[in-house]
Amino acid sequence: MKKYNLAVVGATGMVGSKFLQVLEERKLPVENYYLFASKKSAGKKINFMGKEHEVIELSKENVLGKDIDIALFSAGGDISKEFAPFFAENGILVIDNSNAWRREPNVPLVVPECNKEDIKWHNNIIANPNCSTIQAVVALKPLHKAFKIKRIVYSTYQAVSGAGVKGFNDLKNGIEGIAPQKFPYPIFNNCLPHIDVFLDNGYTKEEDKMIFETKKILGDQNLKITATTVRVPVYFSHSESINVEFEKKCTLEEVKEVLRKAEGVVLQDDTANLVYPMAINAADKDEVFVGRVRLDDTVESGINMWVVADNIRKGAATNTIQIAEAAIEMGVVNKK
């Protein structure tokens with residue numbers, strides 16, 4: 001089997017560290033790993049894949065000195081804008097976890113369970129979607145295929161780790177009464193209906209991302225979608241209440257059967273025994289957990305469901321690595 005050389009850009013951050021954990025678990029056909037980070041982290045030693053790796057300062061000179069096939073980026077949008085095109089021009093497939101490339105029409109936005117075929121037309125940059133979008137579309141894609149979705153109403157309850165280390169620390173420190181550094185108000189014992197910046201239309205950028213990305217991934221610009229995204233005092237795993245209206249008639253059992261068979265979905269729906277998805281149980285797992293599935297009798301054909309997944313694993317690291325696996329499997333890595 002052909003072996004590849006893989007770089008992790010942003011290797012010392014929250015998602016970068018999770019990249020390394022998931023790479024150790026999934027064992028891609030990789031011969032050499034290169035761990036890049038900022039000048040501040042350069043020289044740091046990381047034990048990974050049974051040996052000690054030294055963190056390399058991210059610079060164009062240091063990239064050119066390496067024979068790299070695939071680069072997993074999680075170093076923020078500004079770094080991605082600066083370095084992803086450079087990597088791509090040098091024949092390296094970039095899979096980027098920031099929001100820098102998601103809206104570009106010539107950049108695939110991929111969740112492998114939903115639109116793996118879009119990987120084929122990459123131009124050496126593939127975007128990893130927003131974490132809240134990823135878990136939603138894993139559940140929605142098979143339902144869209146079976147019953148054709150007309151409208152989606154998203155209400156999300158998102159973990160503080162989605163705001164990075166500073167967000168995580170705001171909850172941890174807030175328990176001790178320390179003032180927040182990341183959020184505008186305390187997150188401990190509170191909910192903030194405010195993720196990312198507010199736009200002129202009153203929606204937040206996070207809500208706008210979910211609407212745009214769902215349409216792009218599902219390949220349907222006619223979908224009617226609205227969203228409210230909320231930050232909650234949970235460390236890991238996003239929870240989402242999703243209301244869906246279909247064009248085709250469906251029974252509750254038909255919906256559940258589609259979800260039971262869906263790739264990447266675990267149906268946890270036994271309310272008689274208090275079985276339903278919870279953030280605490282989804283943490284550090286790759287699956288998307290779906291429950292509380294019930295018909296919405298206010299429309300001719302529709303459902304409500306509760307969708308939970310680990311935002312740092314499936315919502316970031318695992319999905320990125322699944323894209324790399326698929327690109328290798330499809331033979332579309334080395335596009336010089």
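Student: Why is Leu 274 called exposed?
Tutor: The cut-off for exposed is over 50% relative accessible area, with buried under 20% and partly exposed in between (1.4 Å probe, protein chains only). Leu 274 has a relative accessible area of 62%, so it counts as exposed. Leu 274 also has a positive phi of about 55° although it is not a glycine, and it is found in the loop between β12 (265-267) and α9 (279-282).

Student: Before we go on, what kind of model is this?
Tutor: It's a predicted model: local features need pLDDT of at least 70, side-chain atom pairs count only at pLDDT 80 or more, and totals for chains, interfaces and linings use all residues. Residues are numbered from 1 along each chain as its sequence is written, and side-chain values use heavy atoms, with hydrogens and water left out.

Student: What makes Asp 196 partly exposed?
Tutor: Its relative accessibility is 31%, so Asp 196 counts as partly exposed. Asp 196 is another non-glycine with a positive phi, about 70°, and it is found in the loop between α6 (164-174) and α7 (205-218).

Student: How many helices and strands does the chain have?
Tutor: There are 10 helices and 14 strands. Those are DSSP runs numbered from the N terminus: helices are H or I with at least four residues, strands are E with at least two.

Student: What makes the chain as compact as a globular protein of its length?
Tutor: The globule rule is 2.2 Å times the number of residues to the power 0.38, and the radius of gyration is taken over C-alpha atoms. For 336 residues the rule gives 20 Å, and the chain's radius of gyration is 20 Å, close to that, so the label holds. Of the 336 residues, 54% count as buried.

Student: How do you know that β6 and β7 are paired?
Tutor: Two strands pair if DSSP finds at least two bridges between them. Four bridges join β6 (residues 70-73) to β7 (residues 93-96), which run parallel.

Student: Which strands stand at the edges of the open sheet?
Tutor: The order of its six strands is β5-β2-β1-β6-β7-β8, with parallel pairing. β5 (56-57) and β8 (125-127) each have a single partner strand, so one side of each is left without a neighbour in the sheet.

Student: How many bridges join β9 to β11, and in which sense do they pair?
Tutor: β9 (residues 149-158) and β11 pair over eight bridges in the antiparallel sense. Tyr 154 stands opposite Ile 242 in β11. Eight bridges also join β9 to β10 (residues 224-231), and these two run parallel. There, Thr 156 stands opposite Thr 229 in β10.

Student: Why do the buried residues of α8 line one face of the helix?
Tutor: The buried residues of α8 (residues 252-261) are Val 255, Lys 256, Val 258 and Leu 259. Seen down the axis, they fall within an arc of 155°, so they line one face. The arc is that of the directions from the helix axis to the C-beta atoms.

Student: Which residues touch the most other members of the largest nonpolar core?
Tutor: Phe 87 and Met 305, in a core of 59 residues. A nonpolar core is a set of buried Ala, Val, Leu, Ile, Met, Phe, Trp, Tyr and Cys residues joined through side-chain atoms within 4.5 Å. α5 gives the most to this core, with eight residues.
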